[in-house]
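Q: Hi! Could you walk me through this structure in plain words?
A: Happy to, let's look at it together.

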Amino acid sequence: MKTYSIARRLIATVLLIELVSAVCVTTVAFVYERHVHFRAFEVLLRGRADSMLGAVQDAEDASDNVMLDGTEITVPPDDIYQVTDAGGRVLGRSANWTGGSVPSEQERTRREAHDDGRETFYQSDVRGKAYRVIRLNGLRIVDPGDKGGGIRRYVTIYYGSSVSRVWAAVWRTVDFYAVSSLLVLTLTGLLMSWLLNRGLAPLRELATGASRVSITSWAFVPPETARMTKELGPLVSALEVLLHSLQRSFEQQRRFVGDAAHELKTGVAVVKSSLQLLSMKERTAVEYQAGLERCLADCERMESIVAQMLTLARVEENDGIGPVSSETDIFRCLREVVQELNTIAEIRQVSIVIQGDGAPTARIQEEPFKLLCSNLLLNALQHSPADTVISADVKQEESCVWIRIRDEGEGIPAEGLPQIFDRFSRGEPSRSRKTGGTGLGLAICKAIVDKCGGTIEIQSEVDRGTTVLIRLPSGPGLET
């Protein structure tokens with residue numbers, strides 16, 4: 001799978017947005033500058049046409065005509081002009097004037113930019129150059145002091161100038177905007193690249209630290225810059241919790257495999273030693289029978305270890321253990337478990353008493369709950385002296401059920417309580433050797449309660465007994 005860089009994508013996205021914005025700004029600037037410069041250019045043409053109208057004087061002839069006084073005309077050499085009277089007689093024109101400079105009426109109507117009745121602007125080509133031309137309709141009065149206000153003479157002035165200078169000014173402005181935008185775009189790209197590389201440095205340091213973690217080295221020290229970064233703080237905390245849980249799981253799994261191998265190896269060694277002892281010399285039938293019984297007992301113990309390991313694996317895989325929608329009758333299941341353990345209780349001369357009111361129920365399947373109670377009560381029986389009582393108290397609350405199992409046995413040392421739920425944990429080896437336990441019963445109980453969303457706690461005092469407090473969820477639940 002092809003990899004990609006978030007920083008490069010962010011930079012490319014921002015630069016693309018800026019590029020589009022720069023193009024839009026440049027386009028708007030072009031339209032605006034063109035409008036402004038051509039409006040100013042038309043004002044200039046209007047002023048020069050008015051100056052040309054001022055140069056129209058009396059002709060001092062019998063017909064009282066008008067003429068164009070060339071001495072009052074000062075125009076740029078590239079500009080063109082022509083002045084005609086109402087009859088179409090040319091009063092004056094520039095040397096570079098061409099007949100094509102005055103469009104026909106049809107062409108003028110098509111080319112007109114705007115016409116207010118007195119003046120008209122249009123485009124014209126003069127020797128291959130584009131000109132902007134104004135047609136100005138003017139009035140000159142001959143002998144204004146005469147009676148009747150003088151004689152009115154109408155003239156038409158055509159004045160044009162090349163638009164190349166206007167376009168040059170427009171393009172200079174557009175070039176300025178374009179160059180400025182490209183410069184800003186370049187500076188922004190460089191600045192963003194620097195800022196993103198600097199801003200992503202804590203993330204890179206965090207990734208480098210996390211990459212050093214392995215099953216042989218769990219040391220993970222996140223950089224303070226990542227922990228202090230608001231966006232990376234939750235990720236740092238999640239990684240720490242995850243790696244701590246993984247480390248604990250790996251260590252627990254390693255310890256479990258080691259303990260299981262040790263237990264099975266011990267059992268196999270005992271069976272092998274017993275068989276070797278029997279084969280060393282001739283034995284009587286009674287001696288053979290006793291040796292085979294010892295081998296059978298050790299095989300049964302190894303079978304028990306394997307069975308409990310399989311049970312623990314099934315519980316941890318959530319195989320029908322989690323909370324369900326149906327409720328389990330706590331008293332009924334407890335009575336069934338106590339009835340199954342009555343024989344052992346009678347042999348050890350221990351009484352089991354169930355106490356509680358109502359009909360408490362919990363969201364747990366019957367078989368896992370019976371296994372939970374059986375392990376706890378059997379553990380209490382194995383460590384309770386004769387003529388003592390094991391009590392199982394049940395209390396129903398609104399959203400949970402509390403079960404307290406208490407014995408009057410030998411108790412557990414305080415230093416052994418933190419590891420009491422670990423696999424193959426026995427507190428003291430003598431406790432398990434005496435009772436034949438494997439150290440997996442409480443681990444199975446812990447796994448069952450955890451899968452149901454409950455809690456389990458053990459309190460114990462040496463020579464005063466042990467109390468197991470269980471909380472199981474109650475009320476409506478979801479089928480899993």
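**Helix packing and cores**

A: Let's start with a helix pair: helix H8 (residues 330-340) packs against helix H10 (residues 366-382) at an angle of about 50°, and their axes are 9 Å apart. Axes here are lines fitted to C-alpha atoms, for helices over the stretch in contact, with angles running from 0 to 180 degrees between N-to-C directions. Helices (H or I, at least four residues) and strands (E, at least two) are DSSP runs numbered from the N terminus.

Q: What does that angle make H8 relative to H10?
A: That angle makes H8 oblique to H10. Under 35 degrees counts as roughly parallel, over 145 as roughly antiparallel, 65 to 115 as roughly perpendicular, and the rest as oblique.

Q: Which residues in H8 and H10 meet?
A: On the H8 side they include Ile 330, Leu 334 and Val 337, and on the H10 side they include Phe 369, Cys 373 and Leu 377. Meeting is a contact, that is, heavy atoms within 4.5 Å.

Q: Is this model from an experiment or a prediction?
A: This is a predicted model, where local features need pLDDT of at least 70, side-chain atom pairs count only at pLDDT 80 or more, and totals for chains, interfaces and linings use all residues. Residues are numbered from 1 along each chain as its sequence is written, and side-chain values use heavy atoms, leaving out hydrogens and water.

Q: New topic: how many residues are in the largest nonpolar core?
A: It has 45 residues, and Phe 369 and Ile 470 have the most contacts inside it. Such a core is a set of buried Ala, Val, Leu, Ile, Met, Phe, Trp, Tyr and Cys residues joined through side-chain atoms within 4.5 Å. Buried means under 20% relative accessible area, exposed over 50%, and partly exposed in between (1.4 Å probe, protein chains only).

Q: What does Ile 470 touch?
A: Leaving out residues up to four places away in sequence, Ile 470 touches Leu 372, Leu 376, Val 401, Trp 402, Ile 403, Val 449, Thr 455 and Ile 456. A second, separate core of 25 residues includes Met 52 and Tyr 81.

Q: Back to H8. Is Gln 339 buried or exposed?
A: Gln 339 lies in helix H8, and it counts as exposed because its relative accessibility is 59%.

Q: And how many helices and strands does the chain have?
A: The protein chain has 12 helices and 15 strands. Of its 480 residues, 37% are buried.
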